Amino acid sequence: MLDASKMKLNNNTMMRGLSEFSATAILMIFSCIGCTANQQDHNHGILIASLIQGMAVVMIMHIFGFISGAHANPCVSIACCLLGHIGSHMMIFYVASQLAGATFGYFLLHQMVPQATIMSSKLGNCIVEPMEGLSYVQILSIEGFLAAVMTFAWCALWDVRSGRFLDSVTLRIGCLITACHLVGAQLTGATMNPAKLLIPTLYNGNLETVLMQLSGQLVACIIVPQIWHFVFSQRYRPLRVENSERPSPELYLTP
């Protein structure tokens with residue numbers, strides 16, 4: 001009986017890891033193909049690419065959300081762990097699955113799209129670089145701000161008080177990603193996702209160009225959960241029931 005319960009737990013963990021792997025691979029393929037297919041359209045390319053980014057998030061949340069949460073983003077998993085919704089070991093497993101999924105998705109991208117099209121520009125190769133003239137502080141601040149907005153949205157989603165407002169959550173998160181991408185795509189790339197940022201850069205061997213974006217994303221996903229916990233989360237105190245034979249620690253009252 002004990003062995004069976006362990007196997008069940010292991011199967012559940014593997015299923016969640018495969019969910020994150022698949023979600024990140026699909027996200028990488030759709031977002032990069034969107035950039036590749038519209039790189040020549042200078043008038044509407046950013047708008048179309050931003051819509052594709054948002055709709056890709058909607059799609060993976062609908063497919064994989066009830067399995068693993070459909071984070072598909074190390075920043076989201078780190079924030080989820082810091083808020084106590086998943087353990088540290090599960091967070092590490094999520095991040096590893098996401099990086100592996102992004103690598104596999106980028107590999108499939110190179111198999112599906114002609115090399116001449118991919119290599120015709122950095123945007124076609126899914127490589128983001130900050131706008132010329134931006135300082136290191138500006139790059140870190142812009143990417144950190146965009147990642148913070150995204151992390152705040154996920155923190156709100158996980159809050160128990162938002163339970164009545166989950167009917168259209170996939171569309172709302174997708175619209176938020178689209179808005180952030182529209183604002184920051186021409187400035188820093190607005191990936192808001194270390195997996196999407198790192199894998200194409202490592203594949204092409206120029207990590208120094210994305211260190212500020214990566215730093216901003218990681219700072220945001222560490223600070224925002226603390227702000228949410230200490231500023232926006234309600235505090236509860238135990239409800240003491242007198243003359244009760246059994247304590248009821250599950251009962252709470254707001255201050």
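Aspartate 159 and arginine 161 form a salt bridge in which the closest N and O atoms are 2.6 Å apart, a salt bridge being a side-chain nitrogen of Lys or Arg within 4 Å of a carboxyl oxygen of Asp or Glu. The structure holds 1 salt bridge. This is a predicted model, in which local features need pLDDT of at least 70 and side-chain atom pairs count only at pLDDT 80 or more, while totals for chains, interfaces and linings use all residues. Residues are numbered from 1 along each chain as its sequence is written, and side-chain values use heavy atoms, with hydrogens and water left out.

**Overall layout**

- The protein chain contains 9 helices and 2 strands, where helices (H or I, at least four residues) and strands (E, at least two) are DSSP runs numbered from the N terminus.
- Read from the N terminus, the order of the elements is α-α-α-α-α-α-α-α-α-β-β.
- Of the 255 residues of the protein chain, 44% count as buried, a term that stands for under 20% relative accessible area, with exposed meaning over 50% and partly exposed in between (1.4 Å probe, protein chains only).

- Aspartate 159 counts as buried because its relative accessibility is 13%.
- Arginine 161, in contrast, is partly exposed, because its relative accessible area is 35%.

**The second largest pocket**

- Aspartate 159 also belongs to the lining of the second largest pocket, where His85, Asp159, His229, Ser233 and Gln234 lie nearest the centre among 16 lining residues.
- The elements giving two or more residues to the lining of this pocket are H6 and H9, and the largest share, 4 residues, comes from H9.
- About 350 Å³ of space lies in this pocket, a pocket being, on a 1 Å grid over the protein atoms alone, an open set of points with protein on both sides within 12 Å along at least five of seven lines, and its lining residues having an atom within 4 Å of a point.
- The volume is the space filled by probe spheres set on the grid points, which are joined across faces, edges and corners.
- By class, the lining of the second largest pocket has 8 nonpolar, 5 polar and 3 charged residues; Ala, Val, Leu, Ile, Met, Phe, Trp, Tyr, Cys and Pro count as nonpolar, Asp, Glu, Lys and Arg as charged, and the others, Gly among them, as polar.

**The enclosed cavity**

- Rolling a probe the size of a water molecule over the atoms shows where empty space is left.
- The count comes to 1 cavity of 30 Å³ or more, where a cavity is a set of points at which a 1.4 Å probe fits but cannot get out.
- The largest cavity has a volume of about 160 Å³, and of the 18 residues that line it, Leu27, Val57, Asn73, Ile177 and Asn193 are the closest to its centre.
- Helix H2 (45-68), helix H6 (136-158) and helix H7 (169-184) each supply at least two residues of this lining, and the largest share, 4 residues, comes from H2.
- The lining of the largest cavity is made up, by class, of 12 nonpolar, 5 polar and 1 charged residues.

- Glutamine 53 lies in helix H2 and counts as buried because its relative accessibility is 7%.
- The C-alpha atoms of glutamine 53 and methionine 28 are separated by 9.4 Å, although the two residues are 25 residues apart along the chain.
- Alanine 70, in the loop between H2 and H3, has a phi near 55 degrees, a positive value in a residue other than glycine, and is buried at 1% relative accessibility.
- Alanine 72, found in the loop between H2 and H3, has a positive phi of about 50 degrees although it is not a glycine, and is buried with a relative accessible area of 0%.

**The nonpolar surface patch**

- Leu82, Val219, Ile222, Ile223, Ile227, Phe230, Val231 and Phe232 make a nonpolar surface patch of about 710 Å².
- Patches are made of residues with over 30% relative accessible area and no salt bridge, like charges being joined within 9 Å and nonpolar side chains (Val, Leu, Ile, Met, Phe, Trp, Tyr) within 5 Å, and accessible areas come from the Shrake-Rupley method with a 1.4 Å probe, only the protein chains shown counting as cover for residues.
- The largest share of the patch, 7 residues, comes from helix H9 (residues 211-232), including valine 219, which counts as partly exposed because its relative accessibility is 39%.
- Leucine 82 has its place in helix H3 (residues 74-82) and is partly exposed at 40% relative accessibility.
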